[in-house]
Amino acid sequence: MTLHLPKKVTIIEVGPRDGLQNEKNFIPTAIKIDFIKRLQETGLQEMELTSFVSPKWVPQMRDASDILASCLNPKMKHIVLVPNRKGIELVLKTPCRAVAVFVGVSDEFNKRNSNKTTAESMKELVPAVTELKGKGYFVRACISTAFYCPYKGKIVEADTIKLCQQFIDAGVDELSVADTIGMAAPHESYSLFSKITEYFPNHLITAHFHDTRKMGLANIYSALEAGIVRFDTSAGGLGGCPFAKGATGNVATEDVVYMLSRMGIETGVDGTKLVSAIDLVRPYLSSPIESAFYRLHSTAE
Ligand code: HMG
Ligand code: MG
C-alpha cells in the first residue's frame, strides 16, 4: 500500500496561549516567559505566545503585554490571539507582526466565548483583518466549533466552509480549523479537510485538534491524508477553551512530533527539549501531564 504523506510538517505551538488560558491559578509571568523561551529552543518556528482578551473573562492572559515584551523573536513567527478590535489596537502598540482572530461557527458557542453572535463578531473582525493586511501583518483566522459545538451539537460542514470563505474573502493568510471539544472522528476530519484544501488551495490551512476523547493523533493522521501539513499542538497537551464545556487540551506536541518522526516526516522539533520545557511549567499546573512521550522521557520528580 502506498501512503500519500508529506515529507515535512509545520507545528504551530499553542501551549503558551491555548495551553495556559484554562489554568485557574495565575502562573507567574516569569515562569511563562521561561517556558516560552525553552519552547523557542526546541526548533519550533511558529507559536501563539498569548492573547489580548478581556482580563475579566480570562485573568490568566492579563500579562500579555509583558509576555510579548520579553519573548517576541523577529526570526520566528510569533502570534497573538485576539477576539475583537480592542485586541487589535493593543497588538498595534507592540512589535508583534502576526495576529490570530477567532470566531465560532456556532452562535451558541461564540456568544459564550466572545459575547457576540458569529455575524456580530464577523462584522467587527472583517474590516479589522483588511486593515491589518493593509499594514503588512500576517493574519490567521481560528475557526472554532468547526465540527461540533458543546451547546448545539453537530455542525454542518457547509456552515464551517462558509465561515472559512468569509475570512478568505477578508484576506487572511491562514485558516486554523478547530475541533474545539475533541469530538471529531477521523472520517470527519478527512471529509472536512479534504473539502477545505480543495476549496482554498492557495492558503495555509492548519488543523487544530483538542484531544478530549483521545482521537487527536488519529485525526492528525487522517488530516495528513487529506493534504494538511500544518498542525496546532500544545506542549504537554495542556489547556482547552474555558468557555467550551468539557474541553481539554490540544493534542500534545511531543506525541505528534514522535508519531511524525516515526513515519519519516520531518518537523524540525526536538522532543527531548520539549520535555524540559514542560518540566519547567509542570509544578504550576492544576492537572498532571498525560502525554505518552512525556511520561516515558521526563525524569522530573
Ligand atoms: P465583553 O464583556 O462583551 O466586552 O466581552 P467589553 O467590550 O464590554 O469589554 C469588557 C472589558 O474588557 C473592558 O474593560 C474592555 O476594555 C476589556 P473595562 O472597561 O471593564 O475595564 N477588553 C479587553 N481587554 C483586553 N483585550 C481585549 C479586550 N476586549 C475588551 N481584546 C470579549 C467581550 C470578546 C472581550 C470577551 O468575551 C473576551 O475576552 N473573550 C475571550 C474569551 C477567550 O479568550 N476564549 C479563549 C480563546 S478562543 C479558543 O481558545 C479557541 C481556539 O483555541 C480554537 C478552538 O480550539 O476552538 C482559538
Ligand atoms: Mg483551542
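Trainee: Let's start with helix 10. Which of its residues are buried?

Mentor: In helix 10 the buried ones are Thr253, Glu254, Asp255, Val256, Val257, Met259 and Leu260. Keep in mind that this is a predicted model.

Trainee: How many of the helix's residues is that, out of how many?

Mentor: 7 of the 10 residues in helix 10 are buried, so the helix is mostly covered.

Trainee: What do those buried residues pack against?

Mentor: The buried residues of helix 10 pack against strand 1 (10–13), helix 9, strand 10 (230–233), helix 11 and helix 12.

Trainee: And what comes after helix 10?

Mentor: Gly264 follows helix 10, and its phi is positive, near 80°. Then there's Ile265, which sits in the loop between helix 10 and helix 11.

Trainee: Is Ile265 buried or exposed?

Mentor: Ile265 counts as buried, because its relative accessibility is 4% and the cut-off for buried is under 20%.

Trainee: Which residues does Ile265 touch, leaving out those up to four places away in sequence?

Mentor: Ile265 touches Leu5, Pro6, Lys7, Lys8, Val9, Leu224 and Leu260. Pro6 is 259 residues from Ile265 along the chain, yet their C-alpha atoms are separated by 6.7 Å.

Trainee: OK, on to helix 11. What happens at its start?

Mentor: A side-chain oxygen of Asp270 reaches to within 2.9 Å of the backbone nitrogen of Thr272 there.

Trainee: Which residues are buried in helix 11?

Mentor: Helix 11 runs over residues 271–281, and the buried ones are Gly271, Leu274, Val275, Ala277, Ile278, Leu280 and Val281. As for spacing, an α-helix has 3.6 residues a turn, so residues three or four places apart point the same way.

Trainee: What covers the buried residues of helix 11?

Mentor: The cover includes helix 1 (15–21), helix 2 (29–40), helix 10 (253–262) and helix 12 (292–297).

Trainee: Let me zoom out. How many helices and strands does the protein chain have?

Mentor: The protein chain has 12 helices and 10 strands. Its radius of gyration is 18 Å, close to the 19 Å that the globule rule gives for 301 residues, so the chain is as compact as a globular protein of that length.

Trainee: What does the C-alpha trace span?

Mentor: Along the principal axes of the protein chain, the trace spans about 50 × 50 × 35 Å.

Trainee: And what share of the residues counts as buried?

Mentor: Of the 301 residues in the protein chain, 55% count as buried.

Trainee: What about contacts between residues 24 or more positions apart?

Mentor: Those account for 73% of the protein chain's contacts with a separation of 6 or more.

Trainee: How far apart are the mean positions of the positive and negative charges?

Mentor: The chain has 34 positive and 33 negative charges, and their mean positions are 4 Å apart.

Trainee: Which side chains make polar contacts with Arg140?

Mentor: The side chain of Glu48 makes one of 2.6 Å with the side chain of Arg140. Glu174 makes another, at 3.1 Å, again side chain to side chain with Arg140.

Trainee: What else is Arg140 in contact with, neighbours within four places aside?

Mentor: Its contacts include Ile12, Val14, Ile79, Val99, Thr206 and Asp232.

Trainee: Last one: where does Ser51 sit, and what does it touch?

Mentor: Ser51 is in strand 2 (residues 46–51). Leaving out residues up to four places away, Ser51 touches Arg17, Met61, Ala64, Val80 and Leu81. Ser51 counts as buried, at 2% relative accessibility.

Technical notes. Residues are numbered from 1 along each chain as its sequence is written. Chains are lettered from A and ligands numbered from 1 in the order in which they are written. This is a predicted model: local features need pLDDT of at least 70, side-chain atom pairs count only at pLDDT 80 or more; totals for chains, interfaces and linings use all residues. Side-chain values use heavy atoms; hydrogens and water are left out. Buried means under 20% relative accessible area, exposed over 50%, partly exposed in between (1.4 Å probe, protein chains only). Helices (H or I, at least four residues) and strands (E, at least two) are DSSP runs, numbered from the N terminus. Contact means heavy atoms within 4.5 Å. A polar contact is a pair of N or O atoms within 3.5 Å; within protein, one must be able to donate a hydrogen and the other to accept it, and residues adjacent in sequence count only if both atoms are side-chain atoms. The radius of gyration is taken over C-alpha atoms; the globule rule is 2.2 Å times the number of residues to the power 0.38. Lys and Arg count as positive and Asp and Glu as negative; His and the chain ends are not counted. The place of a charge is taken as NZ of Lys, CZ of Arg, CG of Asp or CD of Glu.
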